[in-house]
Amino acid sequence: MTGTAAAPFTADDYRARMERAVTAAADAGLAGLLVAPGPDLVWLTGYAPTAVTERLTLLVLTPDRDPVLVVPALEAPDAAKAAGASALTLRDWTDGKDPYAATAALLDARGRYGISDTTWALHLLALQRALPDSGYASLTDALPMLRAVKDAAELDLLAAAGAAADRAFEEIRTMRFAGRRETEVGADLADLLRRFGHSQVDFTIVGSGPNGANPHHEVGDRVIEHGDMVVLDFGGLKDGYGSDTTRTVHVGEPTEEERRVHDIVRAAQEAGFAAVRPGAACQDVDRAARAVITDAGYGEYFIHRTGHGIGVTTHEPPYMIEGEEQPLVPGMCFSVEPGIYLPGRFGVRIEDIVTVTEDGGRRLNNTTREMVIVD
């Protein structure tokens with residue numbers, strides 16, 4: 001029940017991404033980019049080593065030469081099979097040789113480079129010793145929007161991941177909650193995500209009753225009871241792209257207060273979504289959602305940002321938070337997920353992944369945002 005397989009990205013796709021990255025680096029005043037194993041390397045080349053070890057693997061992107069992937073000789077055959085391998089040059093090194101000297105030869109001794117956040121300190125410090133006059137900036141700081149704007153194929157993959165998560169919710173809402181542990185419901189959610197095509201489950205938060213007042217509670221051994229509010233937040237990767245959705249259900253009929261809090265969060269989520277449009281600042285989405293909750297008297301109980309970007313990871317820039325003035329651009333994808341958390345009592349969160357369109361926004365999650373009653 002996984003649906004039609006997604007068309008793989010081609011070497012031309014990866015070549016275009018690397019070219020875009022080099023241009024973005026130059027525009028930011030950088031001499032180039034250095035990318036270690038992790039989501040940036042996967043996005044740029046399609047290569048994900050089966051194991052990340054102390055041996056240096058590093059993609060070198062500079063405007064004066066074709067892309068070079070410095071890679072251990074024993075891993076070079078796997079690297080050569082990556083979808084983007086034909087768009088770059090592999091430069092392997094053998095144990096006993098100095099990979100940092102080989103890498104330094106590709107760099108400007110006085111250049112300032114963007115370096116991926118996943119680079120081990122071991123490697124960065126060795127490069128600094130080899131090139132003491134060089135400088136480095138994390139990609140999150142230097143190029144936070146590098147992966148933020150998705151192309152049509154990426155948007156299709158994110159939409160498919162969101163639809164799969166929606167199917168998981170539609171199934172889980174039919175199952176019994178009362179009398180079962182949070183861990184059991186969480187395991188069911190993970191199984192459903194995999195059934196509907198996810199290769200990786202990143203999180204299954206099941207926050208019942210007072211546990212729902214902790215936004216990142218995940219799961220515990222608490223037995224869910226009749227009368228509990230239950231926050232369900234779950235997601236992972238399908239065909240390399242992320243899903244992340246939250247719905248809050250109730251075991252049996254809710255109280256008037258519980259229904260009112262849920263309605264406030266639903267209105268806040270709608271306001272955040274309505275604020276999505278090209279040219280608006282990321283903080284405008286946060287402000288719109290937060291204003292609804294604050295005006296209703298629950299502002300102190302909304303204790304996190306309104307959203308985060310999503311793509312080849314489930315959390316990445318941009319962030320919907322006060323102070324983030326980055327303008328929204330068509331193709332950006334991020335969550336809109338306001339919440340209210342009443343310590344010791346219950347919590348409510350509603351979350352959709354949203355993409356910016358030419359004239360507004362489009363939700364990639366489409367299950368009901370009304371109160372759902374479960375058994």
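The crossing of helices H7 and H8 is right-handed, a crossing being called right-handed if the near helix is turned clockwise from the far one by less than a right angle, and left-handed if anticlockwise. The model is a predicted one, in which local features need pLDDT of at least 70 and side-chain atom pairs count only at pLDDT 80 or more, whereas totals for chains, interfaces and linings use all residues. Residues are numbered from 1 along each chain as its sequence is written, and side-chain values use heavy atoms, with hydrogens and water left out.

Helix H7 (residues 152–172) packs against helix H8 (residues 182–195) at an angle of about 135 degrees, and their axes lie 9 Å apart; axes are lines fitted to C-alpha atoms, for helices over the stretch in contact, and angles run from 0 to 180 degrees between N-to-C directions. H7 is therefore oblique to H8, since angles under 35 degrees count as roughly parallel, over 145 as roughly antiparallel, 65 to 115 as roughly perpendicular and the rest as oblique. Helices (H or I, at least four residues) and strands (E, at least two) are DSSP runs, numbered from the N terminus. Ala165, Ala168, Glu171 and Ile172 of H7 meet Val185, Asp188, Leu189, Leu192, Leu193 and Arg195 of H8, contact meaning heavy atoms within 4.5 Å. By class, this contact of H7 with H8 comprises seven nonpolar, no polar and three charged residues, where Ala, Val, Leu, Ile, Met, Phe, Trp, Tyr, Cys and Pro count as nonpolar, Asp, Glu, Lys and Arg as charged, and the others, Gly among them, as polar.

For helix H9 (residues 256–274) and helix H10 (residues 282–295), the packing angle is about 155 degrees and the axes are 7 Å apart, so that H9 is roughly antiparallel to H10. The crossing of H9 and H10 is right-handed. On the H9 side the contact involves Ile264, Ala267, Ala268, Ala271 and Gly272, which meet Val285, Ala288, Ala289, Val292 and Ile293 of H10; the residues of this contact divide into nine nonpolar, one polar and no charged.

Grid points are joined across faces, edges and corners, and a volume is the space filled by probe spheres set on the points. The largest pocket has a volume of about 310 Å³. Among the 17 residues that line the largest pocket, Phe9, Tyr14, Val42, Asp239 and Gly240 are the closest to its centre. Helix H1 (11–27) and helix H2 (39–45) are the elements that give two or more residues to this lining, with the largest share, three residues, coming from H2. The lining of the largest pocket has 13 nonpolar, two polar and two charged residues.

Two cavities of 30 Å³ or more are counted. The largest cavity, with a volume of about 60 Å³, has a lining of four nonpolar, five polar and one charged residue, among them Trp120 and His123. The second largest cavity holds about 40 Å³ of space, and its lining includes Pro49 and Glu75.

In the backbone, a cis peptide bond joins Pro317 and Pro318, with omega about 5 degrees, and Pro318 is placed in strand E12 (residues 316–320).

Conventions:
On a 1 Å grid over the protein atoms alone, a cavity is a set of points where a 1.4 Å probe fits but cannot get out, and a pocket is an open set with protein on both sides within 12 Å along at least five of seven lines; lining residues have an atom within 4 Å of a point.
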